[in-house]
Amino acid sequence: MEPPLNIWFSIMVLFAFASFLPGNHAHIADFDDFWQRRSAEAWNATLESFEHEPAKIVSKLNISEESLNSTRRSLRGRRYKGPCMATNPIDSCWRCQANWATNRFRLADCSLGFGYKAKGGKNGKIYVVTDSSDNDLVNPKPGTLRHAVIQKGPLWIIFARDMMIRLSQELIVTSDKTIDGRGALVHIAYGAGITIQFVRNVIIHGLHIHDIVQGSGGLIRDSVDHFGIRTQSDGDGISIFGSQDIWVDHVSMKKCYDGLIDAVQASTGITISNSHFTDHNEAMLFGASDSYSEDAKMQITVAFNHFGKRMVQRMPRCRWGYIHVVNNDYTHWNMYAIGGSKGPTIISQGNRYIAPPITVNRFAKEVTKREYSPESVWKSWTWRSQGDLFLRGAFFVESGDPNFLSKHPEKYDLTQAADARKVAYITRFAGVLNCKAGAPC
């Protein structure tokens, strides 16, 4: 149904005053009853999802030495043509099963870390995207990705074939959805990005997301029974705003206008895993404001990712929350790898940090960066490095109680990370996989 003329008049009026709206309305020009209700529900969901005893969450991230030594790895960058190898516990849960295409829901049982509750569209209907167009934002065409993500109830979204999708405006995803790119080569590119706002239980898997630009805003349908006026979107690849139980896995991302993945406004219960990031400046922002203390509820796991060529900074940049960074491969940065302000807890375990060569930046050997606080303040922040591997002069400046991990098991996830020397193997298949139906990925 086309919006009536008086709605179009309202758009012009609201855009004229959009710059005066509070920032936490997050591109919602008309913060109507629908969005007010969603906002209130989101905070309650954050309190529900928040883990008071993180120790029980990511203990399964352990990787045995036996499994790591069982297969030799070849050089990264060469296309692997051998038998299926699952090199970390998430992938071991599903990857080498030849029936993955007929048992897609199995993936939903494989998340680890703080996003372990994310089940996406498990046990819902399968929705096959057959049309790569994105021309009607108020009445999306059936068969398009935009039509799929606004449907009610659990939905597992897959793709009929390889496709390039240029989003005209931000794609607003509703709760209980999985966007599963396995079996097709799916690019979200040269348009707006994906928005996960005031919802819960979303899985994004197997997408190439790159060359994302700002959306100009306008009327956009955000559910089957509601559309509203949005202001300009930031240009993030994936924007997580006031949402819970989110899992981003095996994505390949680069060249977004703003961040690759941002998580703000008390979003929590998030895992970002097995992904490959290149060609970007400010990669990940966890917590958008020093004044928004509700972000103390934010709990995010960053595991088994590869931060690769032409990366600069914010991998991630954190405020307030509890961030567990485990078994990632930092082969490139040009300023720093991990930064923050407002006293976030950052636990770095079993990562490999390779500083830039002196021909690139001889002054960027430090992994960490504290912002907007003198040492007299940040020295009490809990930033701990355990079992990390530092190469080419890289170093991690720790702070806080050196015995914090043993003194506060209720705050520490008790994960025994794999040996950092195995990280290149663990992250070998980071990014989008080449999955073919009837064969292991």
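Among contacts in the protein chain between residues at least 6 apart in sequence, 68% join residues at least 24 apart, a contact being heavy atoms within 4.5 Å. The model is predicted, so local features need pLDDT of at least 70 and side-chain atom pairs count only at pLDDT 80 or more, while totals for chains, interfaces and linings use all residues. Residues are numbered from 1 along each chain as its sequence is written, and side-chain values use heavy atoms, with hydrogens and water left out.

**Overall chain**
- Of the 441 residues of the protein chain, 58% count as buried, that is, under 20% relative accessible area (1.4 Å probe, protein chains only).
- The protein chain contains nine helices and 31 strands; these are DSSP runs, with helices (H or I) of at least four residues and strands (E) of at least two, numbered from the N terminus.

**The open sheet**
- An open sheet of eight strands runs in the order S4-S7-S12-S15-S19-S23-S26-S29, with parallel pairing.
- Strand S4 (171–172) and strand S29 (368–370) stand at the edges with a single partner strand each, so one side of each is left without a neighbour in the sheet.
- Two strands pair if DSSP finds at least two bridges between them; strand S7 (residues 194–197) and strand S12 (residues 238–241) pair in the parallel sense over four bridges.
- Thr 195 has Ser 239 in S12 as its bridge partner.
- Strands of a sheet pair through backbone hydrogen bonds, either parallel or antiparallel.

Terms used. Buried means under 20% relative accessible area, exposed over 50%, partly exposed in between (1.4 Å probe, protein chains only).
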